[in-house]
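This report describes one protein structure for a reader who is new to the subject. Please keep the sequence and the model in view while reading.

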Amino acid sequence: MYPSLSDLLQDVFGIHVRLPIQTFGFFVAIAFLAAAYVLTLELKRRERLGWIKGTQEKYWVGKPPSFSDIAFHALLGFLLGFKLVGALLQWNEFVDQPQAYILSGAGNVPAGVVFALLLAYQRYRSRKKQQLAKPVLREKLVMPHQRVGDFTIIAAVGGLIGAKIFDSLENWHSYMQDPLHSFLSFSGLTFYGGLIVAGAAIAWYARKKNIDLWHLADAFAPAMMLAYGLGRIGCHMAGDGDWGIYNSAYLNDGHGGVVPAPPGGFQQALHQYQDFFLATYGSFSHVPHAYFLKPHWLSFLPDWLFAFTYPHNINNEGVPIPGCAGLHCAMLPVPVFPTPLYEITACLLLFAVLWYLRKRIFRPGLLTAIYLIMNGTERFLVELIRVNTKYDIFGIHPTQAELISLLLVIVGVVLIVYVHRKHPLLPAPQPVTRSSTARS
């Protein structure tokens, strides 16, 4: 596994550069950028077809610099200088624990003051140059695709908050042991929590800006599926604990590789690593596992697609790797199903399906319904072999994600019925011919 981008560059290209960039965060950023690009393309297409409109917005030109504006830029400058220069002066500590450093009180105060003064002065001078004797109120047309930057920021902030809230609810006992650290840490993120809170925040913003919610949701559908698939690459590459249950058909070879398990091999492994299993699960009977040996007709595929030990995972979960020295020297004692790989494959394929269907569906809201059904079905199936907290509801033991994914499927089915009854078909785009575009 590659907890940081430096680990990835070192292993793949042989380049040794100490960078404070975690692999998970890097791929999440890639996912957001890719989703923003896809969303922009789809919104522009719907705008060209006249399905979604822009809105007129008023703005002032020539206003004098305000105290609040200057103060905000001063605060921003202080934070940048305080943390940025502090990180450069304590580079090794920053690289080893970037999240802990960012959330700590460490930094460089003089640099913060200098940056604060520079940004405040720069903002003051800029506003002074634009100031008019009498400010003018103007209007401009803002199209939905021009708000993709706002959508991205809202999705990132709302998604992070929602993911942390739902993860805290799912793991309440561990959360209450250290609430502040648990909430501020970047580990422990629940996708559906992020989806729900970010979706609600974007819907509120879109309604405020008079953007058609049905078309916006349809435009978001392929982008969200793509973002989820790309984000799971980060989960797998970093080994963030988002893996499946143990595959008892395989064993750890002692160095992080996998080998087929002989009869009784799984029970032997439980006793061999009993300190880990008893500390984690309390008893051997509570260890989640399933036996699945690679079929002969899939013999061309590597074993790690079916069982993986996540060596050097970022959570340091498992047992020590022999001969390893450093920050991340743990591997799982028994291989697990690498569920992030399954979700990467499934979601990228589902993205391709949604991207294909978007030009063949002419009823607002229908693509959103299909996305909800696809998303819910995919996650429900993966949850069957994932490690998650289970609830006890009338003798049934679902996970939080199973409950939400089942609800999404139901909502998707109901939405299909609703849009067919309430939303008329949109006019299909007419093909452009040479005769219709020829100059007279």
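## Terms and basis

A residue is called buried when its relative accessible area is under 20%, exposed when that area is over 50%, and partly exposed in between, with a 1.4 Å probe and protein chains only. The model is predicted: local features need pLDDT of at least 70, side-chain atom pairs count only at pLDDT 80 or more, and totals for chains, interfaces and linings use all residues. Residues are numbered from 1 along each chain as its sequence is written, and side-chain values use heavy atoms, with hydrogens and water left out.

## A buried proline

P338 is buried, with a relative accessible area of 0%. Its place is the loop between β8 (330–331) and α14 (339–357); helices (H or I, at least four residues) and strands (E, at least two) are DSSP runs, numbered from the N terminus.

Which residues does P338 touch, not counting residues up to four places away in sequence? They are H236, W304, L305, F306, A307, F308 and Y310, where contact means heavy atoms within 4.5 Å. P338 and I245 are 93 residues apart in sequence, and their C-alpha atoms are 8.7 Å apart in space.

## Annotated transmembrane regions

An unreviewed UniProt entry places the feature "transmembrane region" at several spans, including residues 70–89 and 101–121. UniProt positions are given in the numbering used here, feature names are shortened, and annotations may be inferred rather than shown by experiment.

Residues 70–89 are 100% helix and 0% strand, and the end C-alpha atoms of this span lie 28 Å apart. Residues 101–121 are 76% helix and 0% strand, with end C-alpha atoms 28 Å apart.

## Cysteines

A disulfide is a covalent bond between the sulfur atoms of two cysteines. It is assigned here to a pair of cysteine sulfur atoms within 2.5 Å, and a search of the whole structure finds one. The pair is C324 and C329, with sulfur atoms 2.0 Å apart. The torsion about their S-S bond is about -65 degrees, so the disulfide is left-handed. C324 is partly exposed at 28% relative accessible area, whereas C329 is buried at 15%.

C235 is buried, with a relative accessible area of 6%, and C347 is buried, with a value of 0%.

A cavity is a set of points on a 1 Å grid over the protein atoms alone where a 1.4 Å probe fits but cannot get out; lining residues have an atom within 4 Å of a point. Grid points are joined across faces, edges and corners, and a volume is the space filled by probe spheres set on the points. The count is one cavity of 30 Å³ or more, and the largest cavity holds about 50 Å³ of space. Among the residues that line the largest cavity are R46, W51, H215, D218 and R358.

R45 is found in helix α2 (residues 23–48) and is buried, with a relative accessible area of 8%. Leaving out residues up to four places away in sequence, R45 touches W51, R358 and K359.

## Positive phi angles

N210 is not a glycine, yet its phi is positive, about 60 degrees. N210 lies in the loop between α10 (191–208) and α11 (213–238) and is exposed, at 60% relative accessibility. N316 also has a positive phi, near 55 degrees; N316 is partly exposed, with a relative accessible area of 37%.

Methods:
1 Å grid on protein atoms, 1.4 Å probe; cavity = no way out; pocket = protein on both sides within 12 Å on 5 of 7 lines; lining within 4 Å.
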